[in-house]
Amino acid sequence: MKLILLIFICCSFMITSCKQEDNLKYKDKTVTIEDRINDLVGRMTLKEKIFQLNQYIFGVNTNANNIGETINEIPPEIGSLIYFSSDPETRNQLQKKAMEETRLGIPILFGFDVIHGFRTIYPISLAQACSWNPELVKNACAVAAKESKLSGVDWTFSPMIDVARDARWGRVAEGYGEDQYTNAVFGVASVMGYQGESLSDTFSIAACLKHYVGYGQSEGGRDYRYTEVSPQSLWETFLPPYEACVKAGAATLMSAFNDISGVPATANHYTLTEILKERWKHDGFVVSDWDAVDQLINQGVAGDRKEAGYKAFMAGVEMDMKDNIYMENIPQLVNEKKIPIEKIDDAVARILRIKFRLGLFDKPYTTIVEETNRYLQPASRAIAKQLAVESIVLLKNEKQILPLETALKSIALIGPMANDKSNLMGAWSYNGKEQDVESILEGLIKEYKNEVSINFSKGCDFDGIDEAGFQEAIKAAQKSEIIIVCLGEKKNWSGENASRSSIALPPIQEKLVTELHKTGKPLILVLSNGRPLELVRLEPLADAIVEIWQPGTEGGSAVAGILSGKFNPSGKLAITFPLTTGQIPIYYNMRPSARTGTQGNYQDISTEPLYWFGHGMSYSDFEYDSVRISSEKITREQKLIAEVTVSNSGKMTGKETVLWFISDPVCSISRPVKELKYFDKKEIQAGSKTTFRFEIDPMRDLSYVDATGNRILESGGFYIHVNGQKLKFELVD
Ligand code: NOJ
């Protein structure tokens, strides 16, 4: 009894003493962050430390793939919450409890999936990469950060930088395509947009690189599956975007669901600790993906939840997303001396570091701003529109049927996507609202006012077998001069747990086009989808094909402007469009085949894809002159300057992206047939020309990385590839 009384008195003393001492070192803004962390960790009990290592969910989870019970009683000591709400006041109430009703007053970190915009929805990431405009992507992410921050969110689970080469995988929509350099550049742009100059800026939020690592390699495109990632491809293909974004200051990473060649990404000491923390010196933290710790049991490396928690924590996952395993098991693991307290302290320090950097200790509450001033501001919509315009890819334009004739008087606008709003937003657009989106039909009506009659008919649904609408669609086509068919994928056909065994559009959509084609009218296909599509049967029926991806809030007016010629298309593919699903995997930076010519090709179809990475047309005519190089020989210390002048001989001003590739034909490790090393997008006035320049740094651009991550530069011959030209130069010792 005496002992209990003593404990009670001590505890009460601890609580009151911490509360009263507002001059505690960790609360003092003038002290360095590292000193504040040390001071705070030194005061924490084991239980308080373990709270920091856990993330719970708050609110109603609307993600059908990740069902978790809503927690009614949030412990105010919790490290983080996934905030399924956009109400800043509720966040402030939760935060007030953490700040005022806990012994140490540690703020909660509120995270959420802000993937391509918060309320103002931007094109999906795959589309963003096709813009080849990282500055624009950075600006879009900055707007997303501001809308998030004003809604109570401090941390986004974005960007996804998983190199993805299998279009059957639903998550190709969420990343920046098939190439590691592209993923690195856009990942960095996105981190810079979210995090701003400093994490403590008013509208900065913390980024989270995901899904670390190799998730894009999911076997057969099936989600959550095993991935076969050799050490060579880990270093060469999957790690570079992460390394670039860690160097750019990304605050956090998320460990992936996949099992990397037998060692799950969430229990992988090599990737999480040896590479991330020891080699790259990342000082932020890693959160597991949803239930990924528990899933170590399904993956066959842990016998029970305790072992799963032990493996994930010891491998280097500091925060357990939602599954409560750390909360339940770490105390015992520490008592049993299986987990050293120093390791707990390091994990807690990493989490606190991000909270301190975000300024949460000093400014824990969200400023309340009227909803009308919070979202969809004119400047945000303008960025959304520009990004939608620049990410649209003109895949085909026979006889320059686009832009539409100015004398045109009637258009048949047909297809399930023509007057759709919800699907234009794409997967992961929780707070996006249909009411904010303009459909393609509305966009065209606005664009043409009453000058062109637009005969709309849906024709059919996205899938199913109901052809009842075909007749009306054919009639609309017959009475119009031109047919625009808007087809595509529903938004939930992409994203997590959204794999497809075929990347063709459902037969009903293909049949609609076949019937419309019989009218003999010119036919333009507008495609909205989250992955490359198998277009082998549709392509011959279309005079023009416009890939609009899932363009977001401003999609309708962007598409209308591209069709009318108000905007000039400038997107180029960041992912290859296979001819058929059976060609998968197919990507531009493959390694050379042992036999050249036709040997090793498919016997039944062409071995070439329909559209390669980098393909994309314009209404301008861009002509490249011969590539010039500063020297045919350079040493390791020298730089090589390559230049090419591009003329716009067309009638419209347009933007052109020059993609600079390098190949190394003879090397100790066989190198890809070519690799993207740099790109640059510039506007070129009609009738004028511009010079593009690439400064080649031998160590950065001519070296390769081996299976242990060592960078090696071998002398010898190299090629520069630009727009079909190939130029040799030599690196000498
Ligand atoms: C699972 C997804 O894989 C991940 O991308 C997402 O951030 C988390 N769920 C949280 O919703």
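Modeller: Before the sheets, one definition: two strands pair if DSSP finds at least two bridges between them. Helices (H or I, at least four residues) and strands (E, at least two) are DSSP runs, numbered from the N terminus. This is a predicted model, in which local features need pLDDT of at least 70, side-chain atom pairs count only at pLDDT 80 or more, and totals for chains, interfaces and linings use all residues. Residues are numbered from 1 along each chain as its sequence is written, and side-chain values use heavy atoms, with hydrogens and water left out.

Colleague: OK. Which residue of β3 does isoleucine 82 stand opposite?

Modeller: Glycine 111. Strands β2 (residues 80-84) and β3 (residues 109-112) run parallel and are joined by 3 bridges.

Colleague: And what is the strand order in the open sheet of 5 strands?

Modeller: The order is β4-β3-β2-β1-β11, with parallel pairing. The edges are β4 (155-156) and β11 (320-321); each has a single partner strand, so one side of each lacks a neighbour in the sheet.

Colleague: What about the open sheet of 3 strands, which order there?

Modeller: That one goes β6-β8-β9, and its pairing is mixed. The pairing of β6 with β8 (residues 259-260) is parallel, over 2 bridges, and tyrosine 226 has aspartate 259 as its bridge partner in β8.

Colleague: Switching to helices. At what angle do α8 and α9 cross?

Modeller: Roughly 50°, with the axes of α8 (residues 231-238) and α9 (residues 240-247) coming within 5 Å. Axes are lines fitted to C-alpha atoms, for helices over the stretch in contact, and angles run from 0 to 180 degrees between N-to-C directions. The two helices are therefore oblique to each other; angles under 35 degrees count as roughly parallel, over 145 as roughly antiparallel, 65 to 115 as roughly perpendicular and the rest as oblique.

Colleague: Which residues meet there?

Modeller: From α8, Leu234, Trp235, Glu236, Thr237 and Phe238; from α9, Pro240, Pro241 and Tyr242. Contact means heavy atoms within 4.5 Å. By class the contact has 6 nonpolar, 1 polar and 1 charged residues, where Ala, Val, Leu, Ile, Met, Phe, Trp, Tyr, Cys and Pro count as nonpolar, Asp, Glu, Lys and Arg as charged, and the others, Gly among them, as polar.

Colleague: Last topic. What is the volume of the largest pocket?

Modeller: About 1200 Å³. A pocket, on a 1 Å grid over the protein atoms alone, is an open set of points with protein on both sides within 12 Å along at least five of seven lines, a cavity is a set where a 1.4 Å probe fits but cannot get out, and lining residues have an atom within 4 Å of a point. Grid points are joined across faces, edges and corners, and a volume is the space filled by probe spheres set on the points. Of the 50 residues lining the largest pocket, Tyr588, Glu608, Trp612, Phe613 and Lys674 are closest to its centre. Strand β22 gives the largest share of that lining, 6 residues.
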